[in-house]
Amino acid sequence: MTATNPVDILQALIRCPSVTPAEGGALDVLEGLLSPLGFKVDRMVASDEGTPDIENLYARAGSDGPHLMFAGHSDVVPVGAETDWSAGPFSGDVRDGMLYGRGAVDMKGGIACFIAAYARLVEASTLPKGSVSLLITGDEEGPAVNGTVKLLEWAATRGERWDACLVGEPTNPDALGDMIKIGRRGSVSGTVTVKGVQGHAAYPHLADNPVRGALSLAKSLMYPAFDQGTENFQPSNLEVTTIDVGNAATNVIPASARFKFNIRFNDLWTADSVKAEIIRRLEAAAVDPELRPDRAAIGYDIVWSERPSHVFLTRNNALIASLSGAIETVTGKTPKLSTTGGTSDARFIKDYCPVVEFGLVGQTMHMVDERVAVSDLETLTVIYQTFIEQWFAHADA
């Protein structure tokens, strides 16, 4: 395995079956690569009640500022039915210019390219003055409890401070150079339980069907729209993701009904204000008689998810310009600055330093036969190498 070759590195990482929460040997591979490049490597295990222990890695080269962090995750999602794969999901096979394997795109490929980029700077003796660190977690694809959050806290208590961070998640929808993520929408989830009175379906006057109430409450959360979007963000959007009554009989009105929802909200809202709006809508819908004429107000409870994700937008011009400039230099394309998509560990990193995201094309992530073009690995490595050089040049200016 050659540290300057992203294909070699990615194959070695894919061959480690690091399905969340298993480390699978991936951190051993990374430590073996980073130590000879001058990184001081630490591995810490984080624990929390009710969640699996997670081993994480933090590596730093250099002791002075400015300090650039690269963040990513070595864990991957389950492979599904292995027989559906055209080759073993942990084989790392290269066929027809494509490298196959779970994590090829999300996101062992990004890690491989960053390490190869740094190794090329070492080989060419062109390392900028300053420090580079890698923060690699093992539970981004899991509950995200014992990974980036605790690794950041662990490093910060030891005096680590960062000036900027690049997260290597797959951000490009179609081709390298399409998109940089400069922020993320917030996310809040909850469960609403509607109380009813069980009874015979032929005698509804003796019962109170909670499904009617659940439908009224759910409709109030999905319509009307929360907003029309902002300059940097899409409109906020709430989706009801499941409705359950647990009723096996067709002639029995159930005693309760439950639905779950998730809202992705923009910078017009905070987690607290969007919760307040949801409560306002539920309270108004609870007295709406449309589906329950001549009935008392709907009785319901709501339980919020424990950890909302907060909306953020990175405005650090030096960081964004360095990455955009590197992409344009290598690909000739001007990337779109976007806040679309789901959440990532950038939502935790933003509390410590400015953060942006850029990585491979994400079309096959989490799919059977996840794969990446070998040519894209080389291109991303060159982009990362150019970015490192340009960011340190901006930081020193």
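Modeller: The buried residues of H7 pack against strands E7 (164-167), E8 (179-181), E17 (336-338) and E18 (355-357), and against H9. Contact here means heavy atoms within 4.5 Å. Helices (H or I, at least four residues) and strands (E, at least two) are DSSP runs numbered from the N terminus. This is a predicted model, with local features needing pLDDT of at least 70 and side-chain atom pairs pLDDT 80 or more, while totals for chains, interfaces and linings use all residues. Residues are numbered from 1 along each chain as its sequence is written, and side-chain values use heavy atoms, with hydrogens and water left out.

Biologist: Which residues of H7 are buried, and what makes a residue "buried"?

Modeller: Buried means under 20% relative accessible area, exposed means over 50%, and partly exposed is in between (1.4 Å probe, protein chains only). In H7 the buried ones are Leu319, Ile320, Ser322, Leu323, Ser324, Gly325, Ala326 and Ile327.

Biologist: How do you know what span to expect for H7?

Modeller: The expected span is 1.5 Å times one less than the number of residues. H7 (residues 317-331) has 15 residues and reaches 21 Å from first C-alpha to last, close to the 21 Å expected. Just after H7, Gly332 takes a positive phi of about 80°.

Biologist: Why is H1 called largely enclosed?

Modeller: Of the 9 residues of H1 (residues 6-14), 8 are buried, so the rest of the structure largely encloses this helix. Those are Pro6, Val7, Ile9, Leu10, Gln11, Ala12, Leu13 and Ile14. Their cover includes H2 (26-34), E4 (94-95), E5 (98-100), H3, E19 (371-373) and H9.

Biologist: What makes H3 and H9 oblique?

Modeller: Their axes come within 8 Å and cross at roughly 55°. Axes are lines fitted to C-alpha atoms, for helices over the stretch in contact, with angles from 0 to 180 degrees between N-to-C directions. Under 35 degrees is roughly parallel, over 145 roughly antiparallel, 65 to 115 roughly perpendicular, and the rest oblique. H3 and H9 are therefore oblique to each other. The residues in contact include Gly109, Cys113 and Phe114 of H3 and Leu377, Tyr384 and Ile388 of H9.

Biologist: How does that contact split by class?

Modeller: The contact of H3 with H9 has 10 nonpolar, 4 polar and 3 charged residues. Ala, Val, Leu, Ile, Met, Phe, Trp, Tyr, Cys and Pro count as nonpolar, Asp, Glu, Lys and Arg as charged, and the others, Gly among them, as polar.

Biologist: What makes Asp294 exposed, and where does His366 fall?

Modeller: Asp294 has 82% relative accessibility, so it counts as exposed. His366, with a relative accessible area of 42%, is partly exposed.

Biologist: And what about the protein as a whole?

Modeller: Its secondary structure comes to 9 helices and 19 strands, and 52% of its 397 residues count as buried.
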